[in-house]
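I opened the model to look up a few things about strands, helices and chain contacts. My notes follow in the order of the look-ups.

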Amino acid sequence: MLRFVARRFFETIPVLVIIATVTFLMMRLAPGGPFDLEKQPSPEILARMKAHYGLDKPLWEQYLLQMKHLLAGDLGPSSKYPSRSVNEIIADAFPVSLELGCEAMAVALLLGLMAGMVAALRQNTFWDHAPMSLAMLGLCVPTFVMGPLLISAFALHLDWCNAAGWFFPRDRVLPALTLGAYYAAYIARLARGGLLEVLRQDFIRTAQAKGAGGARILFRHALRGGMLPVVSFLGPAIAGLLTGSFVVETIFGIPGLGRFFVTAAFNRDYCMIMGSVLFYAAFVIAMNLVVDIALVWLNPKLRFE
Amino acid sequence: MPAPTLQLDEPMDNQSSASFWQDAWHRLWQNKLALFGLFVVAILSLVCFLAPLLCAHVIGYSYQEQNLALGPVPPNRTHWLGTDPLGRDLLARLLYGGRISLMVGLCATAVSLVIGVIYGAVSGFVGGKADMVLMRLVDILYALPFTIFVILLTVFFGQNIILLFVAIGAVEWLTMARIVRGQVMAIKQQEFIEAARALGLRRRRILFRHILPNLLGPIIVYATLTVPEVMLLEAFLSFLGLGVQAPHSSWGVLIKEGAEMMEEYPWLLTYPAVAMALTLFSLNFLGDGLRDALDVRGSKD
Amino acid sequence: MTVRGASLVQIVLSLGLLLSCGCGHRQTLVQIANRAGQYRVANGDEPSDLDPQIAIGQVEHDIMLSLYEGLVYGDAKDVSPRPGVAESWDISPDGLVYTFHLRHNARWSNGEPVTARDFYQSYHRMLMPSLGAQYSYMLYPVTNAEAFNTNKITDFSQVGFKVLDDHTLQLTLHSPAPYLLSMMVHDSWFPVPVATIQKFGAIDDRANPWTRPEHFVGNGPFVLKEWRMNSHILVVKSPTYWDAEHVKLNSVYFDPEESYDTQERMFRSGQVHTIRQAPQSKVAFYRKYKPQLINIYPELTTYFYRFNVTRPPLNDKRVRLALAMAIDRRAITETVSRAGEIPAFCLTPPNTAGYTAAARLREDVPQARRLLAKAGYPEGKNFPNVTLLYNTMQSHKAIAEAVQEMWDKNLNIHVALHNEEWKVYLDAMRNTNYDICRAGWSADYIDVGTFLDVFISGGGNNDTGWSNPEYDRLCALAASTGEQAARYAAFQKAEAILMDEMPLIPIYIYSNPRLIQPCVKGWYPNLLDCPNYRSIYLAPQTN
């Protein structure tokens, strides 16, 4: 397995270089720059600001400089927040997104697996259709509708928690629910499908014949196989979840990374865009690796290729 | 679930032979939820398609006709679903919006389907080094954050519907390609392909005549399930302000605007949200039903 | 590094909240803050920086007003200049020399006295070309300031600032500027702690981290205590401020939430005392059902549409006039934006420092049709494709849609709408790459000059391609004289030209629909929407 991991690691580097190059080109070619402002500064001042960020050099030189900094791990200064570096901004905001993502994932797994298991065990009855339909709600209601609805009900009318902010433990509940709902729905369906497959297999019948109880069969034998599709799905999903959701962070006023990603693009904050893209990409690749390892562990038929 | 048993009182040679597709259709027909989904989608599509006719003759308002003096009013006899703050009839906007949303959904899915299937099939079929390179490319594209790139794309090309299809289709084809590749690799190992190869059939013929038809099942299922995702993506883009241009609207735009005013004018959120949720529900149930009917191992993504 | 984790105030707040958990009725953050003397503001965005010479937006401005004080500060009610660090000043009879006498008890937050030398060095930094300060033009009335800032001279001693002694600063202007003291209320005239800045980096390094809470030094009524990006900024009462005994608040808490809808929910759930702008859809609701919570007041900002006068058919003055006359502004302000805006019939807001434009646009649909016909498009026939550009925002969209309808209905012209994301929109506007585009201009200080100077030929913010030598002459005339009557006379003539040639369509004067809790006292609406944290205090809430 170590060889597998090592090989993945080496494969990642050219991938990141390509991503950085593509991002660089797209950013510079897009119209509008970081210093386009409503009250246009004089040409001299504009020139000064561009020089400060090295934007007055020819494009290829900027590219090489950028690459050099990236290799040293320096993501550069932010043009929107002059006294902050991108490294600092990400280091500050990522733990928040991480926490929110983990909580949302916990909600998703808890609700999703429960619903999926109940539905699989009582297939084609009311206990199958009801949880699945409920789960469907999570899939069909966009977060920017679910969020305000939850806030309106719980924060404004029932007054159980604040409408926005990220200070008190209670502030975590609504955002985690809003963010996790979609994934809970997906996980419920996948778990149901996966469990149904496994439950059909012969070795389950063998266990039943040997006199094993329902719960033992479920948790010791079936779940492992049933989790396969869930884990497959989680890889890319986790990466997106943990690096922040712009919608949820905006609606709930959470100081996470998702908002920086989007506002960086709108502000043409070049270093921030590059930093965000690379951070996200590295994260996705890392998560894919974790998922691949988990899949092999779950399904002994697979092997590291 | 009891294993299927052989009916011994039926003479064996009298079994009605049913093709795979007939079997599948039969199974689908028995799935009430899936049928409901199909029905709803068909009706909604029809109604939205006929929007111009309906607006002109039945409803009487166009989607952009403003009535500033009237302002937002709840549903009543003249405006069956109410009006928005500019006095525009909500039902008319809903129908026209549906056209755009469904169109975006279908076209973007079609785009992602075409690209994804060809890419995945070729990659899976050819295998070896080429497959590795192609899949690496998919990995790279997967690792790009969608939001930043859509923003950059829209500022590149300006905002129009075509771009919306392209941007969304460009993201969805990745999953399709992966799934198709997985399927192709599984099918490739099967005996009838070996037989075809032994018979000396050319690779292209094997691919198109033998492998692709077997892919149809999973492709249909995933296409049906991609449309709701695409529609949600379109709603997200509208949330960012990058969606359809005024005075047109899509369900995403209507929902976003409605969510902002949901306490004062709840009808502006309720009806578009119900329409969208209904469509998404239906497509998902239909997709699930198709998956069960075609007995596709789709859950193993 | 910013302070992570709970600060003292937050610990108090969370304890208060936790303790009140079991009591059934939850204490709101506002109620807790009232007892702690903390004014909680939803500020509308994360500030890009808190250096008054680098940060330029309203978001930063509202925070910096608590952290710094200039020679003068703006009165809470009408932003008129009041003695700040300068306790008095003399103006020479020709209006060219201002001598400021600084207080002896003005101090920085680190205890050091504020001296005339501090101001001198601050203005030097502000005008350094290498700093690239965008508001350096606010100092241009001073002799040679512009020349130094554009590198035409390199010796700062030639600029009209002089330190007469520790507590006397003298300014020499190149021509009389009766609005100078109004201008000096602006943050570009704030002093910065030069010695502190130099401790943490080069004086002209924009990335200098001197504004971090652990390094920060300022001379205002409050001092920076905490700053967590996208989370909050906390400023606490400064014990070294010369007038600390009259400052009633203990701290001010700024929340950088950007979305208007989220801010409004925070307001309703009692998390903040005030938000700057209620979301458009909710203004009517508040006005009708909760008028004690909303305060709508005019702001010195005009909302208008720019014409690209270099592109046909907009190069024909008759077409522009027709388009301008065919809009019903009252309908827009009363049914579309509905935030109490005032329809604008000229560029400058009425009664700006006593100036009201006599030239007005007349809304007249039949006349508009006639003009259009004369221009060669009777009944709107053969009118070329024209696009109205606006930046992506719900309010702009609604107005644009309404205007599009009006042109369609009144003139039988179909104008296409196009929205672009902010940067792209700015880019298009700068490069005059549009037909008609939405625009706004807000005054930096209370004088109509800031509005009319925009449309000088080749002006950096003109962006219309319009140029009129007589207009330029009148504006230059107004800039050269110190006599207010003569200035205003020149401005009137200039504005008449503007309304005759119509390179822009005035739509409305902004008004601010601010939501503010009744327990906030000592806050007054004013034309520049400048809060004065010295006078604000919190009365216990009676609900």
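I began with C:Val163, which stands opposite C:Leu169 in β7(C). The model is predicted, so I read every value here as computed from that prediction. Next I checked the pairing around these residues. β6(C) and β7(C), residues 168-172, pair in the antiparallel sense over 4 bridges.

I then traced the whole sheet. It is open and has 4 strands, in the order β4-β5-β7-β6 of chain C. The pairing is antiparallel. Which strands sit at the edges? I found β4 (86-91) and β6 (161-165) of chain C there, each pairing on one side only. For the twist I noted an average of 20 degrees from one strand to the next.

Helix α4 of chain C, residues 116-127, lies across β5 (97-102), β6 and β7 of chain C. I read its angle to β6(C) as about 165 degrees.

Further along chain C I stopped at helix α14, residues 422-430. Which of its residues are buried? I listed C:Lys423, C:Val424, C:Tyr425, C:Leu426, C:Ala428 and C:Met429. I noted that the buried set includes a lysine, C:Lys423. Just after α14(C), I found C:Thr432 with a positive phi of about 50 degrees.

I turned to chain A. Its secondary structure comes to 12 helices and 0 strands. Read along the sequence, I get α-α-α-α-α-α-α-α-α-α-α-α. The C-alpha trace spans about 85 × 55 × 30 Å along its principal axes. Of the 305 residues in chain A, 49% are buried. I also checked contacts in chain A between residues at least 6 apart in sequence: 73% of them join residues at least 24 apart.

Then I took the contact between chains A and C. I counted 39 residues from chain A and 40 residues from chain C. On the chain A side, the elements that give two or more residues are α2 (43-52), α4 (86-121), α6 (143-157), α10 (246-252) and α11 (257-267). Which of them gives the most? I found α2(A), with 5 residues. By class, I logged 20 nonpolar, 9 polar and 10 charged residues on this side of chain A.

Last, I checked chains B and C. This contact takes 16 residues from chain B and 21 residues from chain C.

How values were computed
Residues numbered from 1 in each chain as written. Chains lettered and ligands numbered in written order. Predicted model: local features only at pLDDT ≥ 70, side-chain atom pairs only at ≥ 80, totals over all residues. Contact = placed C-beta atoms within 7 Å. Nonpolar A, V, L, I, M, F, W, Y, C, P; charged D, E, K, R; others polar. Buried ≥ 20, exposed ≤ 12 C-beta atoms within 10 Å, placed from the backbone. Pairing = 2+ DSSP bridges. Axes fitted to C-alpha atoms, helices over the stretch in contact; angles between N-to-C directions.
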